[in-house]
Amino acid sequence: MKTALITGITGQDGSYLTEHLLAKGYAIHGLVRRASMFNRSRIDHLRSPGDGPGRTPGSQQGTTVAPSDRLVLHYGDLADLTSVRRLLKKVSPNEVYHLAGQSHVGLSFEIPEVTCQENGMATLGLLEAMRDLDYPVRFYHAASSEMFGSPQATPQSEATAFNPVNPYGCAKAFATQLCHVYRNSYGLFACSGIAYNHESPRRGENFVTRKITLAAARIKAGRQAALHLGNLEAQRDWGYAPEYVTAMWQMLQTEKPLDCVLATGRLCSIREFAMAAFKEVGLELKFEGRGEAEVGRRTDTGAVVIRVDPRYYRPADSTHLVGDASLARQTLGWAPKTIGTDVARLMARADWATMSEPGKSQTD
Ligand code: NDP
Ligand code: GDR
């Protein structure tokens, strides 16, 4: 039985990856950090009965993966690298999936130091800890399209130069370069998945996709009046998270370590995403510019007004981030199937199902 250590197991990707690896028969150790409230709702359904407190009743009922005693959680924190190093020694994993970190690009302008500590320096600390192990370990690093920032080529591939435009992208680029150094200098099996945006009903509520699909469900239910968004013309290459975690695992099964762009190759604007999501729950949208619309008002025709709100504009926004995943297709046989507005419809359906059937949580 293979053993995996997952940092960021309580996050969107960590939860899907855990399901994927449990189904493959792995023993899984997850790093969880202390919070004032339990924050494990995305993985509670995978924990065996009696495995400690903090379970969220009814969470993630839509999944088919059974609870397992092959999943064990450990307290630790990226800000406390001794705890991570000790855990690594204790569980001796074959594979480490490093997904933890401050993942909000917009917020990285507000909290740049913690963003760089968690996404940059903590990854270096993990690389150092693995360098000291006396057996070979395979390492997946969650890199990002944000490293390309204002890209010098479109679409971007593994050969495109990094040109980040925010602290988050800088930290991910730093960590990715260090993975190269540890691969080339110490022979560490270190891979960076250069992932473009991937979403799901488990997406955090302050990312634009989930903010939109939750608002669609709540406005439809009469529980929310307004939806404030920032740059509606921004475009993203949006895929579906469960398909991306498959590629993460595949990258660690190859003969030689490699970096791979994980992307759909298709762009979709925030406006298009929102229209698809609202249409899915039977609502029409009308967009009005800064200061023009009464917030959240429905028009005479019943359409919902989206208010463009400068508070959600970023000091700099990445542009034309669209990936060329040819290498992943050729070496892993990986190809995403759920793309852009498909993701919007799927997420809106899930949020509306949860909203319209209280007590029942639908996740996939
Ligand atoms: P989430 O924000 O959903 O999850 C982040 C995880 O990191 C959570 O489990 C969080 O714990 C944990 N974490 C944050 N800070 C610390 C810390 N100091 N110590 C321990 N754990 C910590 O992100 P995603 O699942 O969406 O993304 C996973 C990784 O992939 C991230 O590194 C992200 O930057 C990267 N990425 C994501 C993409 C996407 O589109 N989703 C695209 C490209 C890269 P807690 O639950 O306690 O908050
Ligand atoms: P992103 O995702 O920054 O691409 O990072 P996010 O959903 O936050 O923003 C996408 C685009 O939408 C625009 N936008 C808004 N964004 C938010 N959050 N809230 C709003 O109200 C809003 N209105 C418009 C943004 O300006 C941006 O252009 C995600 C994260 O998962 C990262 O961890 C990951 O590395 C990248 O994707 C690839």
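Mentor: A residue is buried when its relative accessible area is under 20%. Over 50% counts as exposed, and in between is partly exposed. Keep in mind that this model is predicted.

Trainee: Which residues of helix 6 are buried?

Mentor: First the general idea. An α-helix has 3.6 residues a turn, so residues three or four places apart point the same way. Now the case here. In helix 6 the buried residues are Ala 241, Glu 243, Tyr 244, Val 245, Ala 247, Met 248, Trp 249, Gln 250 and Met 251. Helix 6 spans residues 241–251, and nine of its 11 residues are buried, so the rest of the structure largely encloses it.

Trainee: Now a strand. How many residues of strand 5 are buried?

Mentor: In a regular strand the side chains alternate between the two faces of the sheet. For strand 5, residues 138–144, the count is six of seven, so this strand too is largely enclosed by the rest of the structure.

Trainee: How does strand 4 run relative to strand 5, parallel or antiparallel?

Mentor: Parallel. Strand 4 covers residues 95–98, and four bridges join it to strand 5.

Trainee: On to the ligands. Which residues come nearest to ligand 1?

Mentor: Thr 10, Arg 33, Asn 39, Ser 103 and Tyr 168, out of 24 residues around ligand 1. Then go to atom pairs. A polar side-chain atom of Thr 10 is 2.6 Å from an oxygen atom of ligand 1. Asp 77 places a polar side-chain atom 2.9 Å from a nitrogen atom of the ligand. The backbone takes part as well: a polar backbone atom of Gly 8 is 3.4 Å from an oxygen atom of ligand 1. Taken alone, ligand 1 exposes 900 Å², and the protein buries 90% of that.

Trainee: Which element gives the largest share of the shell around ligand 1?

Mentor: Strand 5, with three residues. Helix 1 (12–23) and helix 4 (167–186), like strand 5, each supply at least two. By class, this shell has eight nonpolar, 10 polar and six charged residues.

Trainee: Which residues come nearest to ligand 2?

Mentor: Ser 103, Ser 144, Tyr 168, Lys 211 and Arg 314, from 23 residues around ligand 2. Ser 103 and Tyr 168 are also listed among those that come nearest to ligand 1.

Trainee: Which domains does the shell around ligand 2 draw from?

Mentor: Domain 1 (3–201 + 238–266 + 319–339) and domain 2 (208–232 + 270–317 + 348–355), with at least three residues from each. By class, the shell has nine nonpolar, nine polar and five charged residues.

Trainee: Back to single residues. Is Thr 264 buried or exposed?

Mentor: Buried, at a relative accessible area of 14%. Thr 264 sits in the loop between strand 11 (260–262) and strand 12 (268–269). Next, look for its partners. Its side chain makes a 2.6 Å polar contact with the side chain of Asp 237. A polar side-chain atom of Thr 264 also lies 3.1 Å from the backbone nitrogen of Arg 266.

Trainee: Last topic, backbone geometry. Which residues does a cis peptide bond join?

Mentor: Most residues other than glycine have a negative phi, and most peptide bonds are trans. Here a cis bond joins Thr 154 and Pro 155, with omega about -5°. Pro 155 lies in the loop between strand 5 and helix 4.

Trainee: What is phi of Ser 92?

Mentor: Near 40°, a positive value in a residue other than glycine. Ser 92 is in the loop between helix 2 (81–91) and strand 4. At 37% relative accessibility, Ser 92 is partly exposed. His 320 also has a positive phi, near 50°. Its loop runs between strand 14 (304–308) and helix 8 (326–332). His 320 is partly exposed, at 46%.

Key
Residues numbered from 1 in each chain as written. Chains lettered and ligands numbered in written order. Predicted model: local features only at pLDDT ≥ 70, side-chain atom pairs only at ≥ 80, totals over all residues. Heavy atoms only, no water. Near = heavy atom within 4 Å. Nonpolar A, V, L, I, M, F, W, Y, C, P; charged D, E, K, R; others polar. Domains from an automatic or database assignment. Buried < 20%, exposed > 50% of the residue type's maximum accessible area, 1.4 Å probe, protein only. Pairing = 2+ DSSP bridges. Polar contact = N/O pair within 3.5 Å; in protein donor to acceptor, adjacent residues only side chain to side chain. Areas by Shrake-Rupley, 256 points an atom, 1.4 Å probe, with all protein chains shown as cover.
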